[in-house]
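Hello,

Here is the structure I said I would pass on. My notes on it follow below.

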Amino acid sequence: MRYRLTFIAGLALGYVLGTRAGRERYEQLKKAAQRFSENPAVRNAAESAAQGSRDFAGKAYHSVSEKVGDKVPASVSGRVRSLRERSGHNGHGASDDWGTTNT
(Lines give C-alpha, C1' and ligand atoms only; values in the text may rest on other atoms or scores of the structure.)
Protein backbone atom coordinates (compact mmCIF):
# COMPACT_ATOMS: atom_id res chain seq x y z
CA MET A 1 0.00 0.00 0.00
CA ARG A 2 2.87 2.34 0.83
CA TYR A 3 4.42 1.84 -2.60
CA ARG A 4 1.11 2.43 -4.32
CA LEU A 5 0.62 5.70 -2.43
CA THR A 6 4.19 6.80 -3.28
CA PHE A 7 3.62 5.93 -6.92
CA ILE A 8 0.35 7.91 -7.07
CA ALA A 9 1.98 10.92 -5.35
CA GLY A 10 4.88 10.81 -7.82
CA LEU A 11 2.49 10.51 -10.73
CA ALA A 12 0.50 13.52 -9.55
CA LEU A 13 3.65 15.60 -8.98
CA GLY A 14 4.99 14.65 -12.41
CA TYR A 15 1.71 15.56 -14.02
CA VAL A 16 1.59 18.98 -12.37
CA LEU A 17 5.21 19.80 -13.17
CA GLY A 18 4.89 18.45 -16.71
CA THR A 19 1.77 20.45 -17.51
CA ARG A 20 3.32 23.60 -16.10
CA ALA A 21 6.46 23.11 -18.19
CA GLY A 22 4.33 22.26 -21.21
CA ARG A 23 2.23 25.38 -20.76
CA GLU A 24 5.34 27.57 -20.47
CA ARG A 25 6.77 26.07 -23.64
CA TYR A 26 3.43 26.58 -25.39
CA GLU A 27 3.45 30.26 -24.37
CA GLN A 28 7.03 30.62 -25.68
CA LEU A 29 6.09 29.11 -29.03
CA LYS A 30 2.97 31.28 -29.22
CA LYS A 31 4.97 34.48 -28.60
CA ALA A 32 7.58 33.45 -31.19
CA ALA A 33 4.84 32.82 -33.76
CA GLN A 34 3.27 36.21 -33.04
CA ARG A 35 6.63 37.97 -33.43
CA PHE A 36 7.20 36.10 -36.68
CA SER A 37 3.79 37.04 -38.07
CA GLU A 38 4.23 40.69 -37.07
CA ASN A 39 7.48 40.94 -39.02
CA PRO A 40 6.93 43.37 -41.94
CA ALA A 41 8.80 41.15 -44.39
CA VAL A 42 6.60 38.18 -43.51
CA ARG A 43 3.44 40.27 -43.78
CA ASN A 44 4.51 41.60 -47.19
CA ALA A 45 5.29 38.11 -48.42
CA ALA A 46 1.93 36.79 -47.20
CA GLU A 47 0.04 39.65 -48.85
CA SER A 48 2.00 39.19 -52.05
CA ALA A 49 1.18 35.48 -52.09
CA ALA A 50 -2.49 36.20 -51.46
CA GLN A 51 -2.59 38.80 -54.23
CA GLY A 52 -0.82 36.43 -56.62
CA SER A 53 -3.28 33.64 -55.85
CA ARG A 54 -6.23 35.99 -56.46
CA ASP A 55 -4.76 37.02 -59.80
CA PHE A 56 -4.05 33.41 -60.73
CA ALA A 57 -7.61 32.36 -59.86
CA GLY A 58 -9.02 35.13 -62.04
CA LYS A 59 -6.77 34.22 -64.95
CA ALA A 60 -7.61 30.54 -64.61
CA TYR A 61 -11.33 31.28 -64.51
CA HIS A 62 -11.07 33.53 -67.56
CA SER A 63 -9.16 30.90 -69.52
CA VAL A 64 -11.51 28.07 -68.54
CA SER A 65 -14.67 30.09 -69.11
CA GLU A 66 -13.54 30.91 -72.67
CA LYS A 67 -13.18 27.19 -73.37
CA VAL A 68 -16.37 25.91 -71.70
CA GLY A 69 -18.62 28.90 -72.26
CA ASP A 70 -21.69 29.30 -70.06
CA LYS A 71 -21.28 25.91 -68.43
CA VAL A 72 -19.32 27.35 -65.50
CA PRO A 73 -21.51 27.07 -62.37
CA ALA A 74 -22.83 30.31 -60.92
CA SER A 75 -21.22 29.51 -57.55
CA VAL A 76 -17.77 29.41 -59.16
CA SER A 77 -18.28 32.63 -61.09
CA GLY A 78 -19.51 34.33 -57.90
CA ARG A 79 -16.38 33.30 -56.01
CA VAL A 80 -14.11 34.51 -58.78
CA ARG A 81 -16.02 37.76 -58.95
CA SER A 82 -15.44 38.29 -55.22
CA LEU A 83 -11.73 37.55 -55.68
CA ARG A 84 -11.56 40.13 -58.46
CA GLU A 85 -13.28 42.72 -56.30
CA ARG A 86 -10.82 42.10 -53.46
CA SER A 87 -7.83 42.45 -55.76
CA GLY A 88 -9.10 45.79 -57.08
CA HIS A 89 -9.13 44.97 -60.79
CA ASN A 90 -10.80 42.63 -63.22
CA GLY A 91 -8.15 39.91 -63.08
CA HIS A 92 -6.93 40.10 -66.67
CA GLY A 93 -5.04 43.21 -67.65
CA ALA A 94 -3.03 44.12 -70.71
CA SER A 95 0.00 42.21 -69.47
CA ASP A 96 -1.99 38.99 -69.09
CA ASP A 97 -0.75 36.26 -71.41
CA TRP A 98 -1.69 33.31 -69.23
CA GLY A 99 -3.42 30.57 -71.16
CA THR A 100 -2.43 31.88 -74.56
CA THR A 101 -0.17 30.17 -77.03
CA ASN A 102 2.71 31.81 -78.82
CA THR A 103 2.95 30.44 -82.35
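**Salt bridges and helix packing**

The side chains of Glu27 and Arg23 are joined by a salt bridge, with 3.1 Å from N to O. Please keep in mind that this is a predicted model. Both Glu27 and Arg23 belong to helix H1, which covers residues 2–38. They sit 4 residues apart, or about one turn of the helix. Glu27 has a relative accessible area of 25%, so it counts as partly exposed. As background, side chains of opposite charge can pair when their charged atoms come close.

The structure has 2 salt bridges. Are the two partners buried or partly exposed? Glu47 is partly exposed, because its relative accessibility is 44%. Arg54 has a relative accessibility of 16% and therefore counts as buried, the cut-off for buried being under 20%.

Next, the packing of the helices. Two packed helices are described by the angle between their axes and the distance between the axes. For H1 and helix H2 (residues 40–68), the angle is about 65 degrees and the axes are 5 Å apart. H1 is therefore roughly perpendicular to H2, a term that applies to angles of 65 to 115 degrees. Which residues make the contact? On the H1 side they are Phe36, Ser37 and Glu38, and on the H2 side Pro40, Val42 and Arg43. By type, the residues of this contact comprise 3 nonpolar, 1 polar and 2 charged.

Some totals for the protein as a whole:

- Its secondary structure consists of 3 helices and 0 strands, and the pattern along the sequence is α-α-α.
- The protein has 103 residues, and 12% of them are buried.
- Among contacts with a separation of 6 or more, 58% are between residues 24 or more positions apart.
- The accessible surface is about 8600 Å², and carbon and sulfur atoms account for 58% of that surface.

Regards

How values were computed: Residues are numbered from 1 along each chain as its sequence is written. This is a predicted model: local features need pLDDT of at least 70, side-chain atom pairs count only at pLDDT 80 or more; totals for chains, interfaces and linings use all residues. Side-chain values use heavy atoms; hydrogens and water are left out. A salt bridge is a side-chain nitrogen of Lys or Arg within 4 Å of a carboxyl oxygen of Asp or Glu. Helices (H or I, at least four residues) and strands (E, at least two) are DSSP runs, numbered from the N terminus. Buried means under 20% relative accessible area, exposed over 50%, partly exposed in between (1.4 Å probe, protein chains only). Axes are lines fitted to C-alpha atoms, for helices over the stretch in contact, and angles run from 0 to 180 degrees between N-to-C directions. Angles under 35 degrees count as roughly parallel, over 145 as roughly antiparallel, 65 to 115 as roughly perpendicular and the rest as oblique. Contact means heavy atoms within 4.5 Å. Ala, Val, Leu, Ile, Met, Phe, Trp, Tyr, Cys and Pro count as nonpolar, Asp, Glu, Lys and Arg as charged, and the others, Gly among them, as polar. Accessible areas come from the Shrake-Rupley method with a 1.4 Å probe; for residues, only the protein chains shown count as cover.
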